[in-house]
Amino acid sequence: MGFVSLGCPKALVDSERILTQLRSEGYEVSPTYEAADVVVVNTCGFIDAAVDESLDAIGEALEQNGRVIVTGCLGARPERILERHPRVLKVTGPHAYEEVVGAVHEHLPPRHEPFIDLLPPQGVRLTPRHYAYLKISEGCNNRCSFCIIPAMRGDLVSRPITEVMREAERLVRAGVKELLVISQDTSAYGADLRYAPGEWRGQRYESRFIDLARALGELGVWVRLHYVYPYPHVDKVIPLMAERRVLPYLDIPFQHGSPSVLKRMRRPAHSVDTLARVHAWRKACPDLTLRSTFIVGFPGETEAEFAELLAWLDEAQLDRVGCFKYSPVEGAAANTLAAHVPPEVQEERYARFMQRAAQISARRLAARVGRQLQVLVDTVEGGSAIGRSEADAPQIDGVVRIEAAGTLREGDWAQVQVTGADAYDLTGRLAPADGTRRPVTTAR
Ligand code: SF4
């Protein structure tokens, strides 16, 4: 069986689950199209570029193999797929694990395999062994005007806390050192379950954001929170960060700094004074790293609103920032808003925004030179290593380059003395231990 996984970390988790199930039934994953009897393509349908990429991937699999099953976000709109690729065997939607597995059974019946229970207990993961995504819910109750995820994935459906914690524990037992908590709206976790209580390690926890952070903080690994919104109850997690129960890191998609644009975007918590919140968080936890994404050139964005965004960014001093130029997504409410911003203006604002963000990032990273940081090593090559500090999420943030990596291996902890910084990354060397320069690995 061949498997092509596209899209965001949430889609990656779907792929992992499908692969876990199929591997547990004895299916082999083939690295080439030619060696596969059937190919599953997990698609993304978030923006038009992702739709094109998904349609191309399906076309390639059909050309190279001929027997293709499609799943994922784009599968929620099967007509888009079938109109271009009528030969696909089956189309299923997002998080339709059983349906995909059923389609594989139908087109490639499982072989009896006496050793299926040799499957590692954590299942099959597509991330390196030392970190894993932990999906706590599906769907979203918000209705941001630029987004069609709720239409594709439905309203919020949270996993009960006991189930999430069992999975987290399994992953940690299997060697995971960093858990990345993901969902569409992590701070809303459990609202659909009315915060139903559960039990884990003999303690009562509710299925709610703060209890989840507390419970995950008991696992003794790095816990990184993604897609959190600045609701007032998020304040409660900051003391856990100051105590390093969870990483002092918050990924909050602010999207804009102008209240009027945020209102047009119909963002959750758009009326909250986010700057006051950011200042209070930093006071309580000075090492807090804040990452965010923004959209520039949203319909109707005036030069004055854009200037508000730049001023907001200057004051918020975010550590990590990503930015998109607004592009209409088929079916999104924002498409009907008046005064779309011309592409050349979007381009110009994007460049100004990124330049400002890079200056802030460079200044904040320069302040780390001379400090010692704990680093988790991702790769080792040619005598040097690339790792991440608590301020860096994999794939989206910067890295720490370690010169003369010695005996370090992927997944090791290292204490690193920071010697240099550029706009996004740090450079360092292994911190001397007992007067000698050698790797220090620690169990946190
Ligand atoms: S919070 Fe907004 S942008 Fe995020 S998934 Fe929900 S509707 Fe989409």
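User: What overall dimensions does the protein chain have along the principal axes?
Analyst: In this predicted model, the C-alpha atoms fill a box of roughly 65 × 60 × 50 Å along those axes.

User: And how does the radius of gyration sit against that of a compact globule?
Analyst: The two agree: a compact globule of 444 residues would have a radius of gyration near 22 Å, and the protein chain has 23 Å.

User: How many helices and strands are there?
Analyst: The protein chain has 12 helices and 21 strands.

User: What share of the residues is buried?
Analyst: Buried residues account for 55% of the 444 residues in the protein chain.

User: Let us move to the ligand. Which residues surround it?
Analyst: The surrounding residues are Cys 140, Asn 142, Cys 144, Phe 146, Cys 147, Ile 149, Pro 150, Gln 184, Tyr 229 and Arg 267.

User: How does that shell divide by residue type?
Analyst: Seven of the shell residues are nonpolar, two are polar and one is charged.

User: Is Cys 144 buried or exposed?
Analyst: Cys 144 counts as buried because its relative accessibility is 11%, under the 20% cut-off. Cys 144 is also one of the residues surrounding the ligand.

User: What about Cys 285, buried or exposed?
Analyst: Cys 285 is buried as well, with a relative accessible area of 2%.

User: How many disulfides are counted?
Analyst: The count is zero, where a pair would need its cysteine sulfur atoms within 2.5 Å.

User: Changing topic to helices: why is α7 described as largely enclosed?
Analyst: Helix α7 spans residues 209-216, and seven of its eight residues are buried, so the rest of the structure largely encloses it.

User: Which residues of α7 are the buried ones?
Analyst: They are Phe 209, Ile 210, Asp 211, Leu 212, Ala 213, Ala 215 and Leu 216.

User: Where does Glu 167 lie, and is it buried or exposed?
Analyst: Glu 167 belongs to helix α6, which covers residues 161-173. Its relative accessibility is 14%, so Glu 167 counts as buried.

User: What does Glu 167 contact, apart from neighbours within four places in sequence?
Analyst: Glu 167 is in contact with Arg 17, Leu 134 and Arg 159. For Leu 134, which is 33 residues away along the chain, the C-alpha separation from Glu 167 is 8.0 Å.

User: Which helix holds Ser 54, and what does that residue touch?
Analyst: Ser 54 lies in helix α2, residues 48-64. Not counting residues up to four places away in sequence, Ser 54 touches Leu 6, Thr 43, Cys 44 and Leu 74. Ser 54 counts as buried, as its relative accessibility is 0%.

User: And Ala 307, where is that found?
Analyst: Ala 307 is in helix α11, residues 303-316. At 38% relative accessibility, Ala 307 counts as partly exposed. Ala 307 and Ile 161 are 146 residues apart along the chain, with 42 Å between their C-alpha atoms.

User: On to backbone angles. What is phi at Gln 317?
Analyst: Phi of Gln 317 is near 50 degrees, which is positive for a residue other than glycine. Most residues other than glycine have a negative phi. Gln 317 lies in the loop between α11 and β14 (320-325), and at 19% relative accessibility it counts as buried.

User: What is phi at Arg 201, and where does that residue lie?
Analyst: Arg 201 has a positive phi of about 50 degrees although it is not a glycine. Arg 201 is in the loop between β9 (197-200) and β10 (203-206).

User: Last one: which loop contains Ser 30, and which residues does it touch?
Analyst: Ser 30 is found in the loop between α1 (9-24) and β2 (39-43). Leaving out residues up to four places away in sequence, Ser 30 touches Met 1, Gly 2, Ala 35 and Ala 36. Ser 30 is buried, with a relative accessible area of 13%. Between Ser 30 and Pro 432, which are 402 residues apart in sequence, the C-alpha distance is 44 Å.

Terms used
Residues are numbered from 1 along each chain as its sequence is written. This is a predicted model: local features need pLDDT of at least 70, side-chain atom pairs count only at pLDDT 80 or more; totals for chains, interfaces and linings use all residues. Side-chain values use heavy atoms; hydrogens and water are left out. A residue is near a molecule or strand if one of its heavy atoms lies within 4 Å of it. Ala, Val, Leu, Ile, Met, Phe, Trp, Tyr, Cys and Pro count as nonpolar, Asp, Glu, Lys and Arg as charged, and the others, Gly among them, as polar. Buried means under 20% relative accessible area, exposed over 50%, partly exposed in between (1.4 Å probe, protein chains only). Helices (H or I, at least four residues) and strands (E, at least two) are DSSP runs, numbered from the N terminus. The radius of gyration is taken over C-alpha atoms; the globule rule is 2.2 Å times the number of residues to the power 0.38. Contact means heavy atoms within 4.5 Å.
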